Each structure stands twice: as C-alpha cells, then as structure tokens.
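Visitor: I would like to learn how to read a model like this one. Could you take me through it feature by feature?

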Amino acid sequence: MNQRVIPIKAGGFTLPSTTGPLVGEPVDTLGRGIRDLRISVTDRCNFRCSYCMPKSVFNREFKFMPHDSLLSFEEIERVARIFVDQGVQKIRITGGEPLLRKHLERLIEMLAKLPVELTLTTNASLLAKKAQSLKDAGLQRVTVSLDALDDETFKKMNDMDFPVSDVLEGIDAAAAVGLGPVKINMVVKKGVNEHAILPMVRHFKGSGHVVRFIEYMDVGSSNGWKMDEVLPSRDVVALINDEFAIEPANPNYRGEVARRWKFKDGSGEVGVISSVTEAFCSTCTRLRLSPEGSLYTCLFAQQGHDIRQLLRGGANDEALARTIQGIWQQRGDRYSEIRTADTAAAKKIEMSYIGG
Ligand code: SAM
Ligand code: SF4
Ligand code: SF4
C-alpha cells in the first residue's frame, strides 16, 4: 500500500500526494484512492466552445437544470467534508462556467475551511471582476481556458464573439491578487487552432504562468469528435521544441495529469495533457460531483450515482460516507485505456455538466 511520501505545500497545509489509499480509506478495484474532487456548480455557460457545448445542441431549446434541482452550498460543503474524510486532498470548482453561479464566493469561503488545496477552472469572462472577491473568500489558484491569442481563432472556438483581451485581463487580475501561478488550458483541435500553439508559448514564456495543451477529447455526445481531429501531444512538444529548447521535468506529484516540459533557458515551463494518445487512468484518483448531486467516477461515464436523494432524505454523515465508499470500491474505470471508435460514439455525460 502506498504511503504519504511526497509532501507538497498548498495554501498553508502540507498535503500528501499519492494515488494509493491510506489506512481506512476506500480503494477502487484498480487500487486507486480518492484524492481529487471536482465540483461542478452549474451546467450553464456563456460560451459555446465547439468541442464542449456546440450551438447546434446547446441552443434555445436546450433544457438546462432548474435552479431548485441544484445542490445548495450547504449540501455541497457537507459532501465535500465527507470526501475529505475519505482521502480527498484537492477540490476544484468547475462547471459549465462556475463564475455564473450566484454568490459563489460564499461556497468558496465554506470550502476554504477544509484542509484541501482549493482551485477553480474558468473561461475568465468574469474573472477580472471577481478575482479579488474569490481570493478574499479563500480560493488558492485558478486555471483559465484560452484556446488562441488571436481574436479570429478564439472567437471561432468560443462561438460567442468573446474577445481575447478580456481573458488576458482576467489572467492579469488573478495574478495581481495572488491567485497564481495561473495555469492556462488550451484545447488543441487539429486544423482549427493548432497555428495558435506557438503564439501562446511565445506570449506566456517567462510570465510565470503555465500553458497546458490538452488533446481534444471525445467527452459527451455532442461534439462530433473524430480521432483525426486530435493533434497528439508529442507533435505539440516537437513543434515547441523546434523554436524553444525544452526538456522533460519531473511531475510535481504522483498522478499529475499534465506532463511537464521546462524551457532549458530557465524561463518557465509548459505542459501537455494527453488523455487520448497516452492514457493516465492507472493513476486517476478523480471523482466528479454534478450540480444536482450525482457522482461520476470517470469523465467518460455513461451514468452517475445520485446522492442528492440521500442528502435530502435525512441520511446522516455515516450513511453518506458508506455510500460514497461503496461507489468508489466498485470503480473500475479506465476509459482512455480502452477507447475505440465505438466507445467514442457511445452516449456519455457532457463535460459542461460534470466539469473538466
Ligand atoms: N467553463 C470553464 C472553462 O472552460 O474553463 C470550466 C469548465 S470546462 C468544461 C473545463 C475544461 O474542460 C476547460 O479547460 C475546457 O477547455 C476543457 N474541455 C471541454 N471540452 C473538452 C474536450 N472536448 N476536450 C478537451 N478538453 C475539453
Ligand atoms: Fe463553457 Fe468551459 Fe465548455 Fe467552453 S469549455 S463551453 S467555457 S464549459
Ligand atoms: Fe480517469 Fe476516466 Fe480519464 Fe481514465 S478516462 S483518466 S479513469 S477520468
């Protein structure tokens, strides 16, 4: 059994970092403990990224979740607290676009009291306005999604005419209030924004922010994913290395999703996330809580486990903990290791619902 061997510092707490369980903590059928909880606080978004919420599906007729079906902040905090007792060390707030959830700072304030690393992923459309209040509430870091630095390509990706300058302003505001180092996620779609890779590297090199290039994934059932639209991370690395000498760096902790590459001139690093061409399921310790209280043990899950019923039906913490343990102990997910054209075409939960 793995022990707590690699301490990492996060927000004043020294956190352990392993994929294995600690004594008494649940382990899934592949020997993985629960370490990361991703909490999606809304299924709504003000962008329509073609790879996530294409307009053809997420249009005026699309039925988003009614407000009263969403978990309250008190319910989310309760679930999170129980998860921390099961081994969770990191909590990421996501969505949809999490900054669209009203009074999110109140939830952050509640979660910040738990002994976890607390982060948030956002499209940054509202970040310049909210960075200070998020920091004051106790958020530690943000990850910002940005798919190109030129407006033409970025607008094509977000499909809502949203300009790059507002996202950059959000990144600056986050760094200025101490929500850095900011990680910047760029989904790479072959033939659509691959020309934006090098400008992104040039722009953020030396800034202290870390750009991570994500392989376009077959999440959900709406984006019409095809393997030939995936630019393998090894090609991204080769492209960057042609202009800037880079070398592999050790992971910050075991189970880190992004492969790190540092600039040989010491001016920082970039990362690649290769969910399609180099699966990392064997160290996957992530679990997702949907806005209406279903647990998903894999990003590519076809169904979740409803715990809202228990929460609202008077179950005590012990019963909830037992349910969570049972769900985790049955987990055998390793989708990216067994992906085929058929699995890609299967009906899966949307990423805008359970978060990245
Ligand atoms: N709206 C927020 C944002 O975009 O940052 C948070 C939610 S979004 C679903 C989380 C992450 O998932 C984003 O970084 C986004 O780029 C990524 N994502 C969404 N669809 C994807 C896909 N098909 N392949 C790879 N990454 C995807
Ligand atoms: Fe919205 Fe994020 Fe999905 Fe883009 S990736 S549509 S910003 S939820
Ligand atoms: Fe984890 Fe599922 Fe992704 Fe594999 S495919 S890394 S099990 S979320």
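Guide: We start with one pair of residues: Thr143 stands opposite Lys183 in β7. Keep in mind that this is a predicted model.

Visitor: Which strands does that pair belong to, and how do they run?

Guide: Strands of a sheet pair through backbone hydrogen bonds, either parallel or antiparallel. Here β6 (residues 141-145) and β7 (residues 183-188) run parallel and are joined by 3 bridges.

Visitor: What is the order of the strands in the whole sheet?

Guide: The order is β9-β10-β11-β8-β7-β6-β5-β4-β3-β12-β13-β14. These 12 strands make an open sheet with mixed pairing. At its edges are β9 (246-248) and β14 (305-306), each of which pairs on one side only.

Visitor: Which helix packs on the sheet, and which strands does it touch?

Guide: Helix α1 (residues 73-85) does, with contacts to β3 (36-40), β4 (90-94), β12 (286-289) and β13 (294-296). The direction of α1 makes about 170 degrees with that of β3.

Visitor: How does β12 pair with β3 and with β13?

Guide: With β3, the pairing is parallel over 4 bridges, and Asp36 stands opposite Arg286 in β12. With β13, β12 runs antiparallel and the two are joined by 2 bridges. Leu289 faces Leu295 in that pair. β12 and β13 also form a hairpin with 4 residues between them, and Gly293 in the turn has a positive phi of about 90 degrees.

Visitor: Which way do the side chains of β12 point?

Guide: In a regular strand the side chains alternate between the two faces of the sheet. In β12, Arg286 and Arg288 point one way, Leu287 and Leu289 the other way, and all are buried.

Visitor: Is Cys284 buried or exposed?

Guide: Cys284 has a relative accessible area of 12%, so it is buried; the cut-off for buried is under 20%.

Visitor: What lies around ligand 2?

Guide: The residues there are Cys45, Phe47, Cys49, Tyr51, Cys52, Met53, Gly96 and Asn123. They divide into 6 nonpolar, 2 polar and no charged. Cys49 counts as buried because its relative accessibility is 15%.

Visitor: Which residues have a positive phi although they are not glycines?

Guide: His103 is one of them, with a phi of about 60 degrees. His103 lies in the loop between β4 and α2 (104-111), and at 55% relative accessibility His103 counts as exposed. Ala124 is another, with a phi of about 70 degrees. Ala124 sits in the loop between β5 (117-122) and α3 (127-137), and Ala124 is buried, with a relative accessible area of 0%.

Visitor: Where is there a cis peptide bond?

Guide: A cis bond joins Gly180 and Pro181, with omega about -5 degrees. Pro181 belongs to the loop between α5 (164-177) and β7. That brings us back to β7, where Lys183 stands opposite Thr143.

Methods. Residues numbered from 1 in each chain as written. Chains lettered and ligands numbered in written order. Predicted model: local features only at pLDDT ≥ 70, side-chain atom pairs only at ≥ 80, totals over all residues. Heavy atoms only, no water. Buried < 20%, exposed > 50% of the residue type's maximum accessible area, 1.4 Å probe, protein only. Near = heavy atom within 4 Å. Nonpolar A, V, L, I, M, F, W, Y, C, P; charged D, E, K, R; others polar. Pairing = 2+ DSSP bridges. Contact = heavy atoms within 4.5 Å. Axes fitted to C-alpha atoms, helices over the stretch in contact; angles between N-to-C directions.
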